[in-house]
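Me: Hello! I am new to this one and would like to look at its aromatic rings with you. Could you show it to me?

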Amino acid sequence: MKKSGFILVIDSYLVRKGMVSLLNHLQGISILQEFHNTESLASYLLKQSVDFIIISQSLFKASADLFISDPALLEKIVLLKDGDSGKKKEGESASQVHASIHLSEEKEKIVGKIQALLDQGKFKNRDLAPAELSPRETTIVRLVSMGLTNRQIADNLFLSAHTVMTHRKNISSKLGIKSVSGLTVYAIVNNIITIEEVTSLPAE
Amino acid sequence: MYRVVTEHPQLLPLFPRFNLKLGFGEKSVEEVCEDYHVNADFFLEIAKAYLDDLYVPAEGLSLFSLTTMVNYIASTHKYYTEIALPGVEEKIHSLLDHSSLSKKEIALVRGFFNDYKKDFLAHISEEEQHILPYILELERQSALKRADPEFIQKLKSYTIREFEKEHDRLETSLKHLSTLIIKYLPPFDDLQLCHQVLNDLSALVRDLVDHANMEDKVLVPRVAELEEKLLNTSFPG
């Protein structure tokens, strides 16, 4: 099973290490990186894909503009609250975050919340075809990998050869892959096709 | 220098790029660099960036001339084309030769790697023939009191930002190849060689990420800055 990647953005050393120790007891989690401030966070997130970001409330507030503009990022946030839990006075942005954990909570409750996150994650990223290709494009990648020519693909999908060409161009520019062998391997590693279904020998 | 290498053996691929050789005895980094006419500060900046993906050496490297950077990039290309790529290619072929994979699977991997190599070499050759000479010329022109009008004309039609748009991320395909081996191909008999291939691939991916960072985050912004300066001084107001 694919592990969910967590990063921790927590200023307090003790809280951070405590969280690490707790996460290490759970299955299906990999801690990708720990941060004690938000300095290099933005550049990290550009390069690395993460599933969840556990971040202390103060650091979240301090770097709110990084998250607010990006709904996909907000969805990954697990807010670590330290304030008075009696007063439910959350900022507007905080209400859109994925989940929150309060520092005063007991182990079972925190574990339960994290487990719930992991369960949701399972449905979300099943390692299927990436969203970057449209369903039509995905179909075409599949047929290309099965060794069909553009003409055959056009006949198969009741499209004009010209339309297929346009799709092919869009696919290549989206993925940065031009060759048939490249697309075939892409299709295999993204579960668009199984290796058994690949019939053609790519041209040498 | 001994401690640098023993603590960070992953830096070894950098050595040929600076023409640094082992066997340096008790010498410090500074002394070794001096022996080989390498700017020690530059070497250290590059090494830091190489070790830490998150370290953006923009500020540190702005102290060095574009020529120094271009030379480093050219020697990195040389490392790819003469050492890293042929090395992993040979291992992949040997792995396939002694495997029990079907003809179809072998053809797929071979075809994939051949196409990848073509793309890779085309990318590097484009940089070597056009981009790097352009940057050197840009720096030369900027140092002149009055830049060549012809060059300024050219500058108006082409800027480095165009290049940035075309900058393919070559590492993605290599990751696909690793994934293919790890997840989808039948297991190879020669486990040791297979592990070497995977190690080589992942080292090359890391190297390429570092290289792309260097180009996109350090080189391109500085070239763009220089372009703008040159255009402004040639067409004030």
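Reply: Happy to. A residue counts as buried when its relative accessible area is under 20%. Please keep in mind that this is a predicted model.

Me: Is Phe42(B) buried or exposed?

Reply: The cut-off for buried is under 20% relative accessible area. Phe42(B) has a relative accessible area of 3%, so Phe42(B) is buried.

Me: How many aromatic pairs does the structure hold over all chains?

Reply: Rings pair if their centres lie within 6.5 Å. Over all chains, the number of aromatic pairs is 14.

Me: Which kind of pair do Phe6(A) and Phe52(A) make?

Reply: Planes under 30 degrees apart count as stacked and those over 60 as edge-to-face. Here the ring centres are 5.2 Å apart and the planes lie at 40 degrees, so the pair is tilted.

Me: How many residues apart in sequence are the parts that Phe6(A) and Phe52(A) tie together?

Reply: Phe6(A) belongs to strand S1 of chain A, while Phe52(A) belongs to strand S3 of that chain. Phe6(A) is buried at 0% relative accessibility, and Phe52(A) is buried too, at 5%. The separation in sequence of the parts they tie together is 46 residues.

Me: What kind of aromatic pair do Phe18(B) and Phe42(B) form?

Reply: Their centres are 6.1 Å apart, with 70 degrees between the planes. Planes over 60 degrees apart count as edge-to-face. The pair of Phe18(B) and Phe42(B) is therefore edge-to-face.

Me: Over the face of which residue does Arg17(B) lie?

Reply: Arg17(B) is at 4.3 Å from a ring centre. That ring belongs to Tyr79(B).

Key: Residues numbered from 1 in each chain as written. Chains lettered and ligands numbered in written order. Predicted model: local features only at pLDDT ≥ 70, side-chain atom pairs only at ≥ 80, totals over all residues. Heavy atoms only, no water. Phe/Tyr/Trp six-rings, centres within 6.5 Å; stacked < 30°, edge-to-face > 60°. Helix = DSSP H or I, 4+ residues; strand = E, 2+ residues; numbered from the N terminus. Buried < 20%, exposed > 50% of the residue type's maximum accessible area, 1.4 Å probe, protein only. Lys NZ or Arg CZ within 6 Å of the ring centre and 35° of its normal.
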